[in-house]
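Look at the sequence and the model below. Then read on for a short tour of helices, pockets and rings.

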Amino acid sequence: MPFLGQDWRSPGQNWVKTADGWTRFLNANESGYLSERSGYCRKEGYEKENIFNSINCDVAAKKRKKDQLNSKTRIQYFHQEKWIYVHKGSTKERHGYCTLGEAFNRLDFSSAILDSRRFNYVVRLLELIAKSQLTSLSGIAQKNYMNILGKVVQKVLEDQQNIRLIKELLQTLYTSLCTLVQSVGKSVLVGNINMWVHRMETILHWQQQLNSIQITRPAFKGLTFTDLPLCLQLNIMQRLTDGRDIVSLGQVTPSLHVLSEDRLLWKKLCHYHFTDRQIRKRLILSDKGHLDWKKMYFKLVRCYPRKEQYGDTLQLCRHCHILSWKGTEHPCTANNPESCSVSLSPQDFINLFRF
């Protein structure tokens, strides 16, 4: 700090007196130094900006890689695991992760309908859901339900088998949707009303396609069913589990009609589907004083559910509570997993998810 009255301007510096006071001009050395310093600062700022951008790029690349890995993991998890854990008891865990819709999405019904041993099981399950469980399905599960149903109809149109079974399923579903759509303000169907109306129109189209099926007689001219001995024809008839199939078969030829009226045939069918107690409550006598087993069968069908038998069913492991198709591997810790499996009927499957 200069003393009072001391000239504070250093020698060798360029000072010029102006109206505002003294102004100093930089010499060549000082000007070059500042220019060099300014360039260094700009360079340093540029390098920092590059480093910052590089870090952002690295972070973004890592995030994309992580998202891609998680996406692949989720897809593999969904497609590889064909089982679902069913928690015992009504808990938050069960409500969150063990719903009917989640089970329907995870148990690979699309592949099951291609297996003749599982086809009737899946169709019966679709029918039970159509009767009372549509509102229990999530939006994705409802969409999956319609996709599977479309594959079932397509399979029947190609194979020309189980036509009546699918007709009954479509009629049940259409009736349920009519009830739910008409009371749309009170129902809990997921999705826009127009979407469900469109699905109902699709069901009507499927019904028309099934009604227009013309079963062609095979070109094979070898041995036919009617060429077999009568005892073998009757033996085959006794293996039919639906009385309507027996009646339809009896309409083919007069000889088959005689076989379809066999009392022993209908007696075995009644005892196959119903208990002795149920039969005793619905006794019907013919004009000759004998039990009319044919009329009794159709009366019993209206009063009691028929016995259901399937080639393959869903199974629940009593040890680890995992639900899967037979033969599907799951992480069971039991020494003998097969001994822990219990077969479930379609109704038992539905009951697992009722609270």
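## Ground rules

Helices (H or I, at least four residues) and strands (E, at least two) are DSSP runs, numbered from the N terminus. This is a predicted model: local features need pLDDT of at least 70, side-chain atom pairs count only at pLDDT 80 or more, and totals for chains, interfaces and linings use all residues. Residues are numbered from 1 along each chain as its sequence is written, and side-chain values use heavy atoms, with hydrogens and water left out.

## The second largest pocket

A pocket is found on a 1 Å grid over the protein atoms alone; it is an open set of points where a 1.4 Å probe fits, with protein on both sides within 12 Å along at least five of seven lines. Lining residues have an atom within 4 Å of a point. Grid points are joined across faces, edges and corners, and a volume is the space filled by probe spheres set on the points.

The second largest pocket has a volume of about 300 Å³. It is lined by 15 residues, and G327, T328, H330, E338 and S341 are the closest to its centre. Strand 4 (314-317) and strand 5 (322-325) each give at least two residues to this lining.

## The largest pocket

The largest pocket holds about 1,900 Å³ of space. Its lining has 47 residues, with N162, R164, T241, D242 and D245 closest to the centre. Helix 5 gives the largest share of that lining, 7 residues.

The lining divides into 19 nonpolar, 12 polar and 16 charged residues. Here Ala, Val, Leu, Ile, Met, Phe, Trp, Tyr, Cys and Pro count as nonpolar, Asp, Glu, Lys and Arg as charged, and the others, Gly among them, as polar.

## Two crossing helices

Helix 10 (residues 243-250) and helix 14 (residues 293-303) have axes that come within 11 Å and cross at roughly 135°. Helix 10 is therefore oblique to helix 14. Axes are lines fitted to C-alpha atoms, for helices over the stretch in contact, and angles run from 0 to 180 degrees between N-to-C directions. Angles under 35 degrees count as roughly parallel, over 145 as roughly antiparallel, 65 to 115 as roughly perpendicular and the rest as oblique.

G243, R244 and V247 of helix 10 are in contact (heavy atoms within 4.5 Å) with K294, Y297 and F298 of helix 14.

## Aromatic pairs

The whole structure has 10 aromatic pairs. Rings of Phe, Tyr and Trp (its six-membered ring) pair if their centres lie within 6.5 Å; planes under 30 degrees apart count as stacked, over 60 as edge-to-face and the rest as tilted. The ring centres of F109 and F349 are 6.4 Å apart and the planes lie at 80°, so this pair is edge-to-face.
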